[in-house]
Amino acid sequence: MDLQTLSNLFSTTYNPDPNVRKAAELQIRKIGHEEGMITALLQIIASDNTDLATRQACSVWVKNRVSSTYALGESYVSARADKGPIVQSDRNALKANLLPLLSASPSRSINVQLASALKNIVSHDFPDRWPGLLDEIKRLLGSGNIREVHAGCVAALEAVRAFRFRQQSDMMAKIVAELFPSLVAIATNMLSTPPSQSEEIPTMLHLILKTYKTSIVINLSTHQQSAESLVPWGQLLFNVVNLNLPKEALPEDEDAKEESEWWIAKKWAYAILGRLFHRFGNPSQLPSTMQKEYSAFAQHFVTMFAPEILNIYLRQVQLYVSGQSWLSKKCQYHIFSFFTECVKPKSTWTLLKPHFETLVSTFAFPHLCFTPTKQALWENDPVDYIRVSVDEYESYATPVSAATTFLFSLAGNRTKTTFMPILGFINNVLRSNSTPQQRFGALNMTAALGPWIMKHPEVANNMEQFIQQFVTPEFASPEPYLRGIACEVVGTVAKHGLEWNSEENLNSNFRAIAGALDDPEFPVKVHAALSLTELIVSQETVRNQVAPQVGKVIQDLLKMSDETDLDILNHSMEVMVEQFQEELLPVAAQLTSRLCDSYLRLARESASHEAPDSNSNDLESVMAEGDDDKTYSAMGVAKTIWTIVTSVDSSPEILAQIQEIIIPVIVYTLEAKILDLLDNVYDLVDTLTFKLRSISPNMWPVFELTYNLFKNDAIDFLEEMLPSLDNFISYGAETIKQRPDYKQMLLDIYTTSIISDHLGENDRVNGCKLAESMLLNLRGHIDDSLQVMIVTTFKGMENASTSSLKLALLEVAINCVLYNPSAALTLMESTQHGSSRVFFEKWFAAINNEKLLPRVHDKKLSIVTLTTLMEMDPASIPEPLREGWPGIVAGALKLFKAFPKAVADRKALEEAMQDDDDDDDLEDDKILNLDGDDEDVWDEDSAYLEMLASEGARLRAKSEKLAAGEDADDDSDDETIEEELGYISPLDDVNPYTVFKQSLTAFQMRNPAGYQAATTALNVEEQTLLMEVMRIADEPAPSITA
């Protein structure tokens, strides 16, 4: 196809007629694999005679083609022609033309596409298949043509982006050492030109700084640690931060100023300095796994650079708060983040300490006041105001959140020095003639610091008086935001343990909050609902007063939730349902129906969102796709429905009625394949079927949909599906026994879980649990499945590597023997002669090693199966097993010896879990550092980073061993297999002692020779244990069944 025809074809891809557009796309797909296609498109992109829209369409296609297929080998065969590998001639054309095109292209949108393609090619071809890349980039950077220098900056950024997440630093180190001296020289030279409205210089400065920041995501190269690099880059960063931008160089509009290239460049300078200190330059917080590589650099950085950074930042803040200069929100965020990092190390805290009160009062506090930005949001979008102000994850990278985090760090890490002065500042604001906006700020600080305030021994007891003096009066304020923050303060201190000395004070605040539920301002109503929730949980008297009106409260919450889809309101509804189970029981079905309507609306809106572009493989673009608010809200509603289900189990009739209301919701979610909601939906299926102990006719379509989902879109959701599938088998066994198709579905799920390459070992363990449920619950009705199960299980054993999977597969084989001993052993032998003996050797190796059958169920299953073998007709015993057959009695006794300890360990774990449940309220406790104030602080955040670094180092070492072809086994055999307290089995009600006694008697009668051999082979200890087992079997002792 000639260039003009190809150009015309791509020009129709943005034709307004969808039929014309579709025809062009199909034609492009047909010819997309042809050799020379990419080469021709590169020529079109380079042609100044072709309109920009067509050139952009060509660049998008090239980017997508490279992104999806460049890494494919030439032998790869694709079902779609345009998804096949790129031929070598087109690869050569890409490498020859991309850099010149970046230099010549007049369109930023085209450059974005070309740059993305360049990154993917570099990632695959550098250095072996593109050895001259760095020399080509350096030539551009050294050019006297500004467009070529710009292209060199873009190419340098993409080369760094290609390797930014690689744990091994060799590629990045090479790129950094070759290109970064040129980049810092260019940037330094550009700064000598006074700032102007021209965007060429700040754009390239932005690119250069972004390149440096991208290079230090994981590692800091040896070159970057050296003075040769650190000094010029450090000087550049300081100069950018200190750069005074004249008004004429910037737009007047504040939002436009935020997005101007000069301030974006400044943002990257702040971000680099923060990253260098946070990850590499803070010796007191440096994880142990990074000490060897970065300890010397960290000591140098914290001594020589950190104090200078701190002084520069303090100066910038002083200029900002005095009105002499302006700071973008992103830069303020990075400044606060750096101050927060300076709190824990002794060396930087000493320097920050004299300034913290000024920073709190002049820099942090204004962000927490009721600003014009908050006012505009309150008036124009009150729902978004609540979302941003209440949900910490909605605005985590803003100066408001960073200022709050700075306060948290001061309060928690340097309590002795900072806490009382901060509270003194709050009191001064509230006692003085402050504006309403400032009073909001003081109360906002109080709410933020509430968890620490309620832990402080000198402050907590004064909070009731504080509430009465400064908070309660604000419920009557004409300013709605003060009414809202009053609700928040009361709710926070109630949540964290405020004990009211005066019932009258409690009631006055409760009445004010209850009245605020009818406030004309929406944010006030939400804050009232959240605060009332905390009072109900913490105060019995409040709960009793709300009880008669709980129906109205629930209706108010439902109305607000339906109008706004605010996820935070779902928590309040859950609490209401939990706290008022008895009161809500008569209206539970009606409430469930309302919630199901809300869920279906949210689920439909969630499902209607367009799926992410399948060609969009870039991490940033994937993460930026779509709005998840509807999905999260649907999750919250589903959780509230689940809470209702768990609260009405005392009334099976109402629960059955509720189930029929919920089933359409479940069916819709599964049919629509809304994968994000599967976890919540299967929680509902599991809870309904378990609590009703039956499967209603309308629930069976859910089983069929689950199988279809597993086989198609949701193969990796077996863990979420398993409890429900187990319930279908346990409580719907009679139906399954009559349905060969259902039995085949279950068998197929098991075999797929074991042999599918898409699943991991944890999924295979879950498949084994499903097989075990089938064998235990459908005895005598899945004979046709036994051979497939045995073959699949033995195949799985060959490839299993973790202890948990080895045990799970072994227990499927044991269950096959328990299901039908004679048939199972015969099938093992028919599969391969001697297989039964191999199985017995593995089984008895586990029996003789306490670590390999550690749980109560493991031991009980083996005991019960061994007792079944004792009752076998001697003629049915396979020949390879006859010699060792008498050993089954000794094996059972070995298990009995360890059985009481396993039962005791399980009970201890149950008690410990109960204690953990009782202590759940303590999980959010804040730690105060009331001890010495001048040492390094190592807190739970530091410990968490240490854990992450250690785990990262372990995984890196493992991957490096695998890459080198070495054994990467990291002691998987030593992994602990713990009790699964939620696991319920038909064997739970079996008394192993009684079963053993009965089977031993049958053994003696049916196989006297075998019995004689088995008992005479016992040593003294085993004989004593046998007598003890027989004695226990004669006693009524429910505890032994565990």
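In the predicted model, Arg139 and Glu148 form a salt bridge in which the closest N and O atoms are 3.8 Å apart. The cut-off for such a pair is 4 Å. Arg139 is exposed, its relative accessible area being 52%, whereas Glu148, at 22% relative accessibility, is partly exposed. The limit for the exposed class is over 50%.

A second salt bridge joins Asp565 to Arg601, with 2.8 Å between the closest N and O atoms. This pair links distant parts of the chain, 36 residues apart. Asp565 is located in the loop between helix H29 (550-564) and helix H30 (568-579), and Arg601 in helix H32 (residues 588-608). Asp565 counts as buried because its relative accessibility is 7%, under the limit of 20%. Arg601 has a relative accessible area of 27% and is therefore partly exposed. Both residues also belong to a network of salt bridges that links Asp562, Asp565, Arg594, Arg601, Glu605 and Lys630.

Arg739 is partly exposed, with a relative accessible area of 30%. Asp741 falls in the partly exposed class as well, at 33% relative accessibility. Over the whole structure, the search finds 37 salt bridges.

The secondary structure of the chain comprises 52 helices and 0 strands. Along the principal axes, the C-alpha atoms fill a box of roughly 105 × 85 × 65 Å. The chain has 1042 residues, of which 52% are buried. Among contacts with a separation of 6 or more, 74% are between residues 24 or more positions apart.

In soluble globular proteins, nonpolar side chains tend to be buried together. The largest nonpolar core in this model has 336 residues, and those with the most contacts inside the core are Leu209 and Phe339. Helix H15 (residues 288-321) contributes the largest share of this core, namely 14 residues.

With a relative accessible area of 4%, Phe297 is buried. When residues within four places in sequence are left aside, the contacts of Phe297 are Leu220, Gln225, Leu230, Phe280 and Gly281. Phe297 and Thr222 are separated by 75 residues in sequence and by 9.7 Å in space, C-alpha to C-alpha.

A buried threonine is found in another helix. Thr706 lies in helix H37 (residues 700-711) and has a relative accessible area of 2%, so that Thr706 counts as buried. The residues touched by Thr706, not counting those up to four places away in sequence, are Leu670, Tyr682, Met721 and Leu725.

Two packed helices are described by the angle between their axes and the distance between the axes. For helix H10 (residues 200-215) and helix H12 (residues 227-242), the axes come within 12 Å and cross at roughly 130°. H10 is therefore oblique to H12, since the roughly antiparallel class requires an angle over 145 degrees. The crossing of H10 and H12 is left-handed. From H10, the contact involves Leu205, Ile208, Leu209 and Tyr212, and from H12 it involves Trp233, Leu236, Leu237 and Val240. Leu209 in this contact is also one of the residues with the most contacts inside the largest nonpolar core.

Helix H46 (residues 856-870) and helix H50 (residues 992-1006) pack at an angle of about 20°, and their axes are 8 Å apart. H46 and H50 are therefore roughly parallel to each other, as the angle limit for that class is under 35 degrees. The crossing of H46 and H50 is left-handed. Lys860, Ile863, Thr867 and Met870 of H46 make the contact with Pro992, Val995, Phe996, Ser999, Leu1000 and Phe1003 of H50.

Terms used:
Residues numbered from 1 in each chain as written. Predicted model: local features only at pLDDT ≥ 70, side-chain atom pairs only at ≥ 80, totals over all residues. Heavy atoms only, no water. Salt bridge = Lys/Arg side-chain N within 4 Å of Asp/Glu carboxyl O. Buried < 20%, exposed > 50% of the residue type's maximum accessible area, 1.4 Å probe, protein only. Helix = DSSP H or I, 4+ residues; strand = E, 2+ residues; numbered from the N terminus. Contact = heavy atoms within 4.5 Å. Core = buried A, V, L, I, M, F, W, Y, C linked by side-chain atoms within 4.5 Å. Axes fitted to C-alpha atoms, helices over the stretch in contact; angles between N-to-C directions. Parallel < 35°, antiparallel > 145°, perpendicular 65-115°, else oblique. Left-handed = near helix turned anticlockwise from the far one by under 90°.
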